[in-house]
Amino acid sequence: MSQIIALTNQKGGVGKSTSAVNLAASFAGLDRRVLLVDLDPQGHASMGSGIDKHSLEKSVLDVLLGEASAADTIVRQPPVKYDVLPSNGDLTAAEVELMHSDHRESGLTTALSGVLSQYDVVLIDCPPSLNMLTVNALTAAHGVLIPLQCEFYALEGLSALLDTVEQIKQSINPDLAVSGILRTMYDKRTSLTREVDKQLRDYFGDALLKTTIPRNVKVAEAPSHGLPVTQYARFSRGSQAYRVLAKELIRRLAL
Ligand SMILES: Nc1ncnc2c1ncn2[C@@H]1O[C@H](COP(=O)(O)OP(=O)(O)OP(=O)(O)O)[C@@H](O)[C@H]1O
Ligand SMILES: [Mg+2]
């Protein structure tokens with residue numbers, strides 16, 4: 001059975017899209033069939049996967065509004081080795097339109113049902129907000145992966161996110177679980193990092209993933225080449241970290 005994992009944190013710039021792209025590529029490199037759903041109007045996961053968001057004929061917006069099927073909208077841009085349900089700025093309109101829909105939380109769940117059997121893993125890159133798009137992701141998902149930076153404000157806002165996860169669990173998606181807390185742009189040399197690390201361990205225990213992603217310039221450069229870092233700079237520290245992370249998640253979630 002395929003597993004759907006939503007990468008969520010309403011805090012901006014914590015590494016959601018970067019992690020979604022590089023995990024998709026790392027899972028694909030380990031022979032998993034992967035779909036990456038770009039649920040952010042910024043379209044960063046699409047661009048980072050080599051897709052020109054401005055020339056899309058159809059996007060996840062059409063799929064959410066029931067005007068196109070996921071199968072007809074999914075694209076793949078070689079040499080990238082996973083499929084993408086792409087997005088662009090048009091998706092901003094979906095937030096408003098979804099509010100007026102009878103099935104406003106479950107549009108993505110319905111849309112994905114027709115293609116799920118073709119994938120081992122579906123990753124959803126969420127926008128930096130707890131809006132109706134994120135609610136759609138949490139409704140469709142089996143697990144939530146929360147990327148964060150070990151900085152002073154890292155924990156702020158997490159309780160709002162965990163409350164939202166809990167509400168969705170109690171109302172529409174009883175099996176939803178926190179799959180892991182991922183530390184990104186990690187620098188273990190600073191005392192602040194060690195302090196935040198301790199707080200995260202105390203608060204999340206087992207959910208704190210062992211693998212951390214280091215700050216690495218190749219990771220930041222890769223999207224401008226439309227490639228995951230695992231293909232742009234295979235032997236960089238960032239690339240290696242994402243491959244180790246994929247293996248940790250495969251073991252932990254039996255992917
Ligand atoms: N490990 C890393 N090393 C260096 N730079 C990184 C790393 N991870 C992410 N970045 C850079 O940090 C910025 C934010 O990352 P990213 O876009 O993945 O975050 P995000 O959470 O998706 O942001 P948003 O909330 O806007 O969607 C980007 O410029 C990205 O290239
Ligand atoms: Mg993003």
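A word on terms before you click: helices (H or I, at least four residues) and strands (E, at least two) are DSSP runs, numbered from the N terminus. This is a predicted model, where local features need pLDDT of at least 70, side-chain atom pairs count only at pLDDT 80 or more, and totals for chains, interfaces and linings use all residues. Residues are numbered from 1 along each chain as its sequence is written, chains are lettered from A and ligands numbered from 1 in the order written, and side-chain values use heavy atoms, leaving out hydrogens and water.

Start by selecting residues 3-177. The chain there is 37% helix and 15% strand, and the end C-alpha atoms sit 12 Å apart. An unreviewed UniProt entry annotates this stretch as "domain: AAA"; such annotations may be inferred rather than shown by experiment.

Next, click on ligand 1. Which residues come nearest to ligand 1? Of the 18 around it (a heavy atom within 4 Å), they are Lys16, Ser17, Thr18, Pro214 and Asn216.

Now show polar contacts, meaning pairs of N or O atoms within 3.5 Å. A backbone N or O atom of serine 17 is 2.8 Å from a ligand 1 oxygen, and a polar backbone atom of valine 14 is 3.0 Å from an oxygen of ligand 1. Glutamine 42 uses a polar side-chain atom, 3.2 Å from a ligand 1 oxygen. Taken alone, ligand 1 exposes 630 Å², and the protein buries 80% of that (Shrake-Rupley method, 1.4 Å probe).

Colour by element next: helix H1 (16-29), strand E7 (208-214) and helix H10 (217-221) each give two or more residues to the shell around ligand 1. H1 gives the most, with 3 residues.

Two backbone stops remain. Most residues other than glycine have a negative phi, and most peptide bonds are trans. Go to proline 78 and proline 79: a cis peptide bond joins them, with omega about 10°. Proline 79 lies in the loop between helix H4 (70-73) and strand E3 (83-85). Finally, pick methionine 185, in strand E6 (residues 177-186). Methionine 185 has a positive phi, near 45°.

Note on methods: Polar contact = N/O pair within 3.5 Å; in protein donor to acceptor, adjacent residues only side chain to side chain.
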